[in-house]
Amino acid sequence: RKPIQCAEGEDNMTTDYLKKLEPIINDIIAPSAVEIDRSGAFPRAAMDALAEAGLLGLVSAKEVGGMGEGLRAATLVMERIARECASTSMVLCMHYAGAAVIEAHGPRDVREAIAAGQHRTSLAFSEAGSRSHFWAPVSTATRVEGNGHVRLDARKSWVTSAGQVDSYVWSSRPIAAEGASTLWLVPSQSPGLRVTAPFDGLGLRGNHSSPVLAEGVLVEPSARLGPDGGGFDIMMSIVLPYFQFMSAGCGVGMMEAATTKAAAHVGGTKLAHLGSALADLPTIRAYLARMRIKTDMVQALLLDALSAAETGRPDALLRILEVKAAAGEASTEVTDLAMRVCGGAAFRKEVGVERNFRDARAATVMAPTTDVLYDFIGKATCGLPLFG
């Protein structure tokens, strides 16, 4: 099956960024996926290759040397990579989300460095104090009298690519303004900033999501991204759409991978005493049919949501909220069915579906979690304000 399609009239398989991506998939990402999952290694070789191909600058403007793409391109790239390695997909997802914020509000030299593949970033939003309500940080930013610096103090609970990137798009309470948050561009090597624990998770084992502690980290006032107190608006207008769509793309990629692997397994596995394949059993075919339908349903919703966002349709926000919830729920169901279809063989690493099964579980608990999204979608459906 082809990846999800580009805008009407385009052939996404001839799109420049996907043409650049395919050899990296075949030569680096796919061959290293099993070892990354086994060891929890950061996908550095893949990120280096993506940088060399210009793909780290996918959402950077052409005027700074980037590819000038947006939501659809980022989603397509996520979907394709997640078929092979969801860890690599998530690392790139967070880079693109951070890069989109920097592109809109960051300094030109950093924008140019991202476009050139020389600067990698990630989001640092999640905190134990606010849990899945990432838009309401409890960490602080305080103006330092005398030298003009701003002091950041925080306990970030989950930062993807912690210690592996050049900067974090960092959230804090405002210094003085009204509003829920302010965003900052924080160099990852800043004194007072440290990763406090390694990541050893159930799935997405190579994404290096670790807690990060900030104790008296000093940044220049110019490190602020957008106005003081304006973080919430940036999160809602830039980060939320990018993260929702890219997460959904990851989900579709994992569902596609699990369905393909399960179908291949039952087609090639024989019941010797009957002289038939597992695929000859109606129950097996029914499970595969459910997997195919669920995958295609989410893919169709994702395409519709992209169109809604790109054309400014009245239902765009609703669709943006729906895509991650739908993909998160469906990917857990589809990968669970893949385990059932493949039976005992599914527990062996070489079949590959157990990795998809584990990786898919992350989507439902990554902020905004599926339960939070259900609440938002319910409010939107009832005509209620989302944040009230």
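**Salt bridges.** I started with Arg319, which forms a salt bridge with Glu322, the closest N and O atoms being 2.9 Å apart. My rule for a salt bridge is a side-chain nitrogen of Lys or Arg within 4 Å of a carboxyl oxygen of Asp or Glu. The two sit 3 residues apart in helix 8, so about one helical turn separates Arg319 from Glu322. Helices here are DSSP runs of H or I with at least four residues, strands are runs of E with at least two, and both are numbered from the N terminus. I looked up the burial too: Arg319 and Glu322 are both buried. Buried means under 20% relative accessible area, exposed means over 50%, and partly exposed is in between (1.4 Å probe, protein chains only).

Housekeeping before I go on: this is a predicted model, where local features need pLDDT of at least 70, side-chain atom pairs count only at pLDDT 80 or more, and totals for chains, interfaces and linings use all residues. Residues are numbered from 1 along each chain as its sequence is written, and side-chain values use heavy atoms, with hydrogens and water left out.

Which other residue does Arg319 meet in a salt bridge? I found Asp304, at 2.8 Å from N to O. This pair links distant parts of the chain, with Arg319 in helix 8 (residues 316-342) and Asp304 in helix 7 (residues 282-311), 15 residues apart. Asp304 is partly exposed, at a relative accessible area of 26%.

Next I checked Glu84 and Arg80, whose side chains form a salt bridge at 3.1 Å, N to O. Arg80 counts as buried at 10% relative accessibility, while Glu84 is partly exposed at 24%. I also noted a salt-bridge network that links Glu63, Glu103, Arg108, Arg111 and Glu112. The count for the model comes to 27 salt bridges.

**Cores.** A nonpolar core, as I use it, is a set of buried Ala, Val, Leu, Ile, Met, Phe, Trp, Tyr and Cys residues joined through side-chain atoms within 4.5 Å. The largest one has 100 residues, and Tyr17, Leu55, Leu58, Val77, Leu92 and Tyr96 touch the most other members. Helix 6 (residues 231-268) gives this core its largest share, 17 residues.

I found an open sheet of 4 strands in the order 1-5-6-9, with mixed pairing. Strands pair here if DSSP finds at least two bridges between them. The edges are strand 1 (121-124) and strand 9 (224-225), each pairing on one side only. Strand 6 (residues 182-187) runs antiparallel to strand 9 over 2 bridges. Leu183 has Leu225 in strand 9 as its bridge partner.

**Overall build.** The protein chain comes to 10 helices and 11 strands. Of its 388 residues, 55% count as buried. The C-alpha trace spans about 85 × 45 × 40 Å along its principal axes. Among contacts between residues at least 6 apart in sequence, 71% join residues at least 24 apart.

Definitions and conventions:
Contact = heavy atoms within 4.5 Å.
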